[in-house]
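Please walk through this model with me. We start with charged side chains and then turn to the sheet.

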Amino acid sequence: MLRFWPRPQSPLSLFVAALAIQAAAAPVTASKVLTPDNFQETIAEGVWFIEYFSPYCPHCRHFVPTWNDLVEHFEKQADPGVHLAQVNCALNGDLCSEKGVTGYPQMNLYRNGDFTDTFNANREFDLLVDYLVKHAEPTETPAQDVIVEEEKPLVEPTPDPTPMPSSEPVLPQVMRAEPNPAGEVVSLTEQTFDRFLSEGPAFIKFFAPWCGHCKKLAPTWSQLARHMQHKMNIAEVNCDDNNRLCSSQGVAGYPTLFYYAHGAKTEYPGSRKYDQLVAFTEQASSPTMQAIDASEFEQVVRDKPVVYLLLHDPADNNTINDVAKESQLLFGSPPVYLSSSQDLFKKYGVRTDNSYAILAFKDNDIREPTSTFYSSSGQPNDALRQWLFANRLPTSLELSRDVFQQVMEAPNKPLVVVVSTPKGAQGAVAEKLNEIGKKWRLKVNQNLGKSGRRDVVFTWMDADQWGKWMKGMYKFKTSGEPEVVVADHGRLLYYDADGSGQRIKMNFASISSTLEAIFKGTAKAKHSENIFERAVKHVNSGVLALEHAIVSHPYLTGSIIVVIFVATFAALRRLLREDVEEVAPDRRYAKGDHLD
């Protein structure tokens with residue numbers, strides 16, 4: 001039997017292959033995909049919202065992220081009152097024709113198996129949610145269409161409904177304007193930016209219209225604003241239209257997400273997916289502190305790697321609010337507990353001549369705090385904030401993707417001891433590094449009078465997972481033994497030699513001598529970047545500085561440009577004149593002339 005197949009390289013074969021692939025393609029969603037065999041049976045009960053699509057359709061492919069968000073939104077609800085599904089019309093054309101589908105994507109609503117309506121509005125997430133909520137039929141007693149959540153105080157009240165003993169304060173609410181009343185993304189400009197930040201904490205996206213990642217994030221950002229209605233301000237800045245503002249905020253790429261609260265800025269380092277963004281904003285908008293009894297505190301310390309304890313006068317509510325505002329930037333890591341228990345005051349020898357004290361406990365050690373912050377009228381305004389960030393990490397930890405930015409780009413700009421750890425040695429290295437960190441902390445506490453000290457964080461990295469990165473950054477050799485450097489990541493510098501000029505070893509004496517040499521200014525730093533990368537960075541910095549100067553002083557810059565242009569023109573004119581005179585000073589004997 002003869003069979004005809006197009007030649008492998010012919011246009012027809014390519015078309016047939018593409019047709020087969022696209023026709024068999026299923027949408028990248030979590031919704032149910034229906035066929036003629038199960039369509040009518042599936043939608044027989046309840047409210048169903050069906051998307052009819054084709055893999056050939058560009059509008060369908062563009063709509064996929066919004067459809068995914070829509071499915072996820074309703075699947076999270078215990079009783080949404082509506083079900084979502086899809087039909088691939090490239091595979092089931094007869095079914096789509098039977099259901100009156102005339103274009104893609106088309107979305108029909110069915111109730112108990114019968115057609116009800118076709119969604120004809122713009123395919124935007126908010127409009128789709130409103131439409132489905134309006135037609136949903138929950139099996140239980142329906143709630144209000146829109147539930148306005150009461151804004152949570154910065155300080156979480158104790159859950160016990162019984163009256164609080166006199167030793168514990170009644171936790172006040174922080175009064176401020178209602179955030180995000182419309183549940184929408186606010187577009188900011190240079191003129192509205194500062195006023196917007198004065199209205200309360202805000203999560204802001206800096207973007208460029210031509211940026212592909214920004215376009216992909218846009219519907220998710222709108223969805224986030226809707227979710228955080230009445231809880232947090234969500235905004236965006238178009239950096240093409242507000243270049244000066246974005247430069248002043250340190251925006252180096254697109255999109256950049258910054259969280260602003262109480263005069264401080266924190267860059268969001270996590271995933272741009274909806275769930276992760278919601279988790280971050282929920283955490284940021286949640287109460288930052290909670291009251292605790294003295295009897296409960298020991299177990300809390302044993303359960304968590306780092307804990308803060310605020311000991312205060314029970315009548316001093318201003319202190320609670322002040323600490324709550326500053327600790328909000330920690331996003332609950334570490335947690336802050338508060339108490340006015342005299343037992344805790346006595347146990348940890350806390351002085352009572354200050355209005356309050358905050359104690360840091362690390363490594364599940366309940367015996368004594370690793371650091372204590374006492375309030376004082378002579379301290380700078382950001383002293384508490386600096387202390388909170390400087391003590392938020394355990395003595396040692398694994399430098400993984402999840403905590404990299406939190407460690408390397410912390411506001412207090414610490415020095416980071418980085419240990420490359422071979423496979424199978426993680427446990428031993430972590431234990432030894434923790435001992436070295438404790439010894440260093442003890443040494444620092446004994447020499448508080450010395451100036452020039454920077455915070456130090458002790459970390460280890462998995463050499464199998466991060467070997468190439470560490471080799472590129474710190475010139476580590478995969479020798480099978482732990483290797484050590486001290487990184488100054490903010491300046492992209494590192495140190496690999498101790499105070500005696502020898503390679504840093506994995507012991508307290510070697511690491512300690514390296515840190516002392518850095519503080520004294522005698523240690524020799526190396527660059528994490530090569531010469532070309534540094535040159536490009538300097539050129540870029542120069543261009544940005546020039547741009548800033550032009551924007552800040554346009555008239556002066558224009559005058560300088562005119563002067564340079566005039567001077568250059570005059571010099572070229574003079575040079576050309578001298579060349580002409582030199583080439584032809586006297587045409588009496590030029591070639592082609594005749595002698596009389």
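Which side chain does aspartate 488 meet in a salt bridge? The partner is arginine 491, at 2.9 Å from N to O. A salt bridge here is a side-chain nitrogen of Lys or Arg within 4 Å of a carboxyl oxygen of Asp or Glu. Aspartate 488 has 3% relative accessibility, so it counts as buried. Arginine 491, at 52%, counts as exposed. Buried means under 20% relative accessible area, exposed over 50%, and partly exposed in between, with a 1.4 Å probe and protein chains only.

This is a predicted model: local features need pLDDT of at least 70, side-chain atom pairs count only at pLDDT 80 or more, and totals for chains, interfaces and linings use all residues. Residues are numbered from 1 along each chain as its sequence is written, and side-chain values use heavy atoms, with hydrogens and water left out.

By the salt-bridge rule, the count comes to 17. One of them joins arginine 385 to glutamate 326, with the closest N and O atoms 2.7 Å apart. Arginine 385 sits in helix 13 (residues 383-390) and glutamate 326 in helix 11 (residues 317-327), so the pair ties together parts that are 59 residues apart in sequence. Both residues are buried. Helices (H or I, at least four residues) and strands (E, at least two) are DSSP runs, numbered from the N terminus.

Glutamate 516 and lysine 443 form another salt bridge, their closest N and O atoms being 3.3 Å apart. Glutamate 516 belongs to helix 17 (residues 508-520) and lysine 443 to helix 15 (residues 426-446), so this pair ties together parts that are 73 residues apart in sequence. Glutamate 516 is buried, at 12% relative accessibility. Lysine 443 is partly exposed, at 26%. Elsewhere, Glu483, Asp496, Arg503 and Lys526 are linked in a network of salt bridges.

Five strands form an open sheet in the order 1-3-2-4-5, with mixed pairing. Two strands pair if DSSP finds at least two bridges between them. Strand 1 (32-34) and strand 5 (114-118) stand at the edges with a single partner strand each, so one side of each has no neighbour in the sheet. Neighbouring strands are turned by 35 degrees against each other on average, direction ignored.

Strand 1 pairs with strand 3 (residues 83-88) in the parallel sense, over three bridges. Lysine 32 stands opposite alanine 85 in strand 3. Helix 3 (residues 58-75) lies across strand 2 (47-53), strand 3 and strand 4 (106-111). Helix 3 runs at about 155 degrees to strand 3. Axes are lines fitted to C-alpha atoms, for helices over the stretch in contact (heavy atoms within 4.5 Å), and angles run from 0 to 180 degrees between N-to-C directions.
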